[in-house]
Amino acid sequence: MEYFSKSRSDTWYEYAPYISNNMKKGAISFQPSISGIGTDTAKVPIKLKIGLNTDSGTEEDITYTCGDRCNNGVKGHRIYAAVLFKIELAADLSVYYKTVDGKSLNDIFPPRIEEMKPGKPYTFEPPTHEGYTYAGYKKTTDGSDPSKSKDITEGNPPKLDPYKGNFEQYRIYQYYEVGEPCKPGQTNADNENCDDPDLPSEGMGACEYTILPPTQSQEVTKGLMNPEAAGHILGDDRANGRHFDATKGIPTSENLYANAWGYDYLFQHKFGEMQGKIKYDCEVKVRYSLKWKEKNSKDQWKTKTASESKTYTFDFTRDYSYWQINQLQVLGIDSAKLNNYALPGGSVTLQVANYTPPALTTESSTETKDHVRPAKTGDVSYSPGTIDGGRNGRPSVPNDRSKLKSMAEGKTDQPQVRNDAIQFSYKNKDTEVMNGDWVKATTVAPKEIPTPTKIRSYKDGGEQVLYKGSQLINNRLVNKANTPSSGTIFYTMLESNVNGEGDQNYPINGINSVTVHTPVVDYASVSDDKTHNQKTVPSADRMALILNRPFTVRIPTTGQHLDINAYPGYGKRDYAKYFKTKQVWFPFDVYSADHKTFYPKQTWIDIPVQQLDTVFQLPVWIDEGNYTIAFRNIAENAPTSFTAQQDANTDLNHHVAKDTVDVEVIGRLYDFHVTDIADFAWETVFRQAVGSPVSTGRSYWVGPNGIDGEPRGNTRPYVLPILRGSHPQPGSKNVTVKTGYHFKFDLKTMGNMFGDRDAIQLTPSFYYQDRFAATAPERIPVDLYYHSDKQSFIRIGSAADVERRQVTLNQRLRNVPMADLKQTATSIYELTSGWMISKEQYLAQFLKRAGQPTYTGGYDIQILPSPLRTFIQSPARPANASATPARVNASVQQWYGEYSLPARVYAVLKGTDLAAYGRSHVLDEKSPIFLKQGFIVVNLDIESIVNGDTTRPHLQYIHAPLSNQWWQLEGYDGTDGKRDHLMTDPYGVSYEVADGDVLFYDTDRSTYDDYTSRGTH
C-alpha cells in the first residue's frame, strides 16, 4: 500500500474490492518484448494467470464504460491484479583535469568517465606528472559545470564510501599549477618556483610522579562475635532404649547426652578505605615549524619557513583509592565443656565432630606502594605541525601549555590499585570478601564475610557437631532435683588473621537442669495358703501362713511409678535395672525353702533382684496370730542412711520403696487315726499277741495320705471308716465291731495348743445303713437311745443323757511313750513361771496325773483337755531361734481319746418322737421302730478349742470354709480306685460314707454276745 500510494494519484481503496484473491506463485510472467531500456520510457509486457474471484465477492461493473469492447446486451466486469515493479536507475561519474587558469589537461591526464553503482566505494586521488603541481578541486552533484564555483578547494575531493545513489551525476574538476619543476633539495631561495619545505616541528619532555600519602576516608566494621551458645543435657534415648525427660527425672545407670551449639563460626572485620593522589611534575621542550606565503617575482605565492623553540612546565594529579584490612579475625568451633551433677565426673568435654572450620586466605599490607602502581607518562612527544600563517605573513608561536598538559594527562593512564585480599571459604562455598586484583584508579568495595548459621540442636535437628552420648549416670549419685548446669564453648582463631584478638570462649547459657531420680517400686505379696487354712473363720484381709509349711513371697520389680505422661520413662514397667537389692523382713523366724538357711526374726533378708518369687519355710514354733511382713526395695544409688516411701519412691527424697503384707500364722489339726478297738475280735490286729500290750503299730488312718497330702504308706484296709471287711486277717471279712466296745484314737495339732485350757472337741453324729446288697446305699440320720440304771430309752444328747466318760492318758494299752510324757512335763515347767516346786517335783506330779482318768464328756460330745495331751516336737532348733527348746517342743501336740456306743443301743430315724410312739404302741427292745440288720455309723466333727472357748472353735478338721483336711489332704475314700463317697464291703454291699465317718457298729451285735469270762484287753 505504501508503494502504491507514493507511486499513484489514486488510492488503493478504490481497487481493493476488485482485487483477485487467487494469484498463485508463478501467476506473473514477463514477456521477451521489453523495450525502452536506456531511455526515459520503457514498455514491459507481462502475462497474468489469475482467478476471477475477489474477497468481496464482487467485480467492478464496466458495462456502461466498456464502449465498443462490449456488444449490446453484454455486461462488462473487471478484476484487478496488483503488480509491483522495482526500477533501478544508473548514475554518471565524470572527472576532468585543468590548470588553475582553466585550461584542459586532457592530454596529460585523461578524463575519468564511468557509471556509479549504489553500494560501491569511490575515491579521487589526483594523478601526478612532472611540471604539474596539484592545487585543489571543484565539484557538483547535479550535472552542472563545476568551474562556475568561485574558489578552488585545497585537498582531495571527498570519498564516496560507498555511493548511496542519492544523486545521478557527479562532476569533478581537479586543478594543477604549471612551471619549472622544483628539483629535490631546492628551496624558494634556490628556485622561485619552489616552496620552502616544511621544517621539522617537535616537542619532547617527560613527567616524574610522586605517590602522596593516603588518608582513610571511611572504615566499615562488621562482625558477629557472640555465639549465642546454648546446650542440652538430656536423656540419650538411643543408648537407653527409652525416652526420659531429664529435666523431670532420669535414673542412675541411664545415659545422658550432652549437646552444645552456637554459630558455626564467629568473625569480625574492619576495612578502611584509603584515598590519595599521585602528583606528576612535567617539562616539555617544543620546537615549532613556521610557514607562510610570500609572492615571488612572478607574483606567485610561495611558501616560506622558519623554526622557533619554547619550554613548558606543568603538573597534574591522578586519584587513587583502595581498601585495606584494619582488623580481621575468624574463629571456628573447637570444643565445649558442659557441667552437671549427673555427668560422669561432673562434666564432659565435647570435641568438635562432623565439622570443618572456615578457610581464610589473606594478603595484606599497610605500605601504600603495595597498593598503588602509578602509570608512567612516558616521553611526551609533541609534533605541533607547521604553523601556517598563509598569506598573512610569519605566524607567532602559540601557547601550547594546556595542550601539552592534556597530552601528558592523556598519555598517563589511571594508576593501578589493589585492595588487600580476603578469600573466605566454608562448606564448599567460596566468598571473595576483598578482591586483591590490580585495577585502575578505584578498587571494588569489599563484601562482608557471610553471616554464620546457628547450628541446630541434636534434639531439634539431629546435628552432632558438639555432641557426646552414652554419658552414664553413676549409680552412686543420690537423687537430686533440678541440678544446675553450666558450660563453656571454645572458638579457635584461624591463623590467617589481621590484628586478631586470639582464641575466645563464651559461656553457654540456658542449659537445662537435670533431675536424678532412680525409681524403685515395691508391690510385694505373700502367698495365701488357703488349701491348708483350717480356721473356722478365716481372716478376709490377711494371707494365711501355715506352720511348718512353705510360703512364697513375691517381690516384683514391676509396678506403677510416676505418671508416664508427666514423667516419660517411668510409668508402669519393670524397674529391676535400678535395684541394689530387694529385702524382706519377718517378725518371726523363717527357714529358706531347702531348710538349709535359718533367718532369725526381724532380720532384713536380701533377695536377688531378678528373683520374682522366694519360698520360705515357716518353723513349727512360731506363735499363731496376726503379723505384718515388711518389704523394702533399695535403689542402687541409695545412701547409707535412707528413707522409704510406700509402694514407689515417687518422692525423690526417698531412695527406697516399701510395702507391707498382713498375714496370719495358723496351726494344724491332723493325723486322726484309730489305734485300738476293745472288741476281742480285733485284738490281734492291734496287739502282737492275745493278752499282749505290745502294739503291732497298725492303725486306721483317715486316708492314705499324710498331713499335706503326701502318701503315708498305709493302704486298705488300714483306712477309715472301719466296717465289715476292714479286719485284715484271713477269714475275718465278716468281722464287725460290736456296740459297747470303745475304740482308741489320737490326733495331732500344731501351733499354740499348749495352754492349760486348750482342747480338742469331737462332736459325734450317727447314721444308719443296712447290710443288704440288694438295696441302694442310703445314709439315714438317726437318734440313738440307751438304758441307764435308772431310766430306759435315754436319747443321746438329751437332758437325760448324763453319762460321764473318762479317759486315762498313760493307760496300759494306749502305748504313750514315756519319753513324750517326761518331755511334755519338762516343757510345761519351763514355759510356765511362778512355780513353787522344782522341775523334778512337777515331773513326778505330771506322771502321776497321766495315770489318772480325765473326764471327756458324754456320748454326745467329747472334749479332750490338756491332761490328755503330750508335746511331741523335737526341741532341737537353731541357736539363734526366737523360741526356747521347751517352746519348740510344745509346738506340736498329740491328743489321746476314745469313744464307744452303749452296749445296748437303739436307733430310730432322727427326729422320731419315741415317747409318742410308746403311747400308741408297745415300746420295748424288740419294737419294730428300731433299726436293725445294719450298721450305726459314728461320724466325728473334730475342732480345736483355744483357751476353753467352745463357742468359737479355732480350727476345723473337716468343715473349714477353705479346706477339708479329712478329704482334700489325707485322702479319705482314696483307696478303692475312685473317690465317690461310696464304699463296698466283701459281700458287695455299698455304703454311702461322709467325711468324719470313723466306725460302723453292728446293730445286731454287742458286748453281751461275748460270753467268755476273760476281760477286755
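T739 is found in strand β44, which covers residues 737–739 (strands, E, of at least two residues, and helices, H or I, of at least four, are DSSP runs numbered from the N terminus). The model is predicted, so that local features need pLDDT of at least 70 and side-chain atom pairs count only at pLDDT 80 or more, while totals for chains, interfaces and linings use all residues. Residues are numbered from 1 along each chain as its sequence is written, and side-chain values use heavy atoms, with hydrogens and water left out.

T739 has a relative accessibility of 2% and therefore counts as buried (under 20% relative accessible area, with exposed over 50% and partly exposed in between, for a 1.4 Å probe and protein chains only).

Turning to salt bridges (a side-chain nitrogen of Lys or Arg within 4 Å of a carboxyl oxygen of Asp or Glu), the structure holds 30 of them. One of these joins D319 to K277, with the closest N and O atoms 2.5 Å apart. Because D319 lies in strand β14 and K277 in strand β13, this pair ties together parts that are 42 residues apart in sequence. D319 is partly exposed, at 43% relative accessible area, and K277 is likewise partly exposed, at 37%.

R549 forms a salt bridge with D529, where the closest N and O atoms are 2.7 Å apart, and both R549 and D529 are buried. In another pair, the side chains of R814 and E898 meet at 2.6 Å, N to O; R814 is buried, with a relative accessible area of 7%, and E898 counts as buried at 14%.
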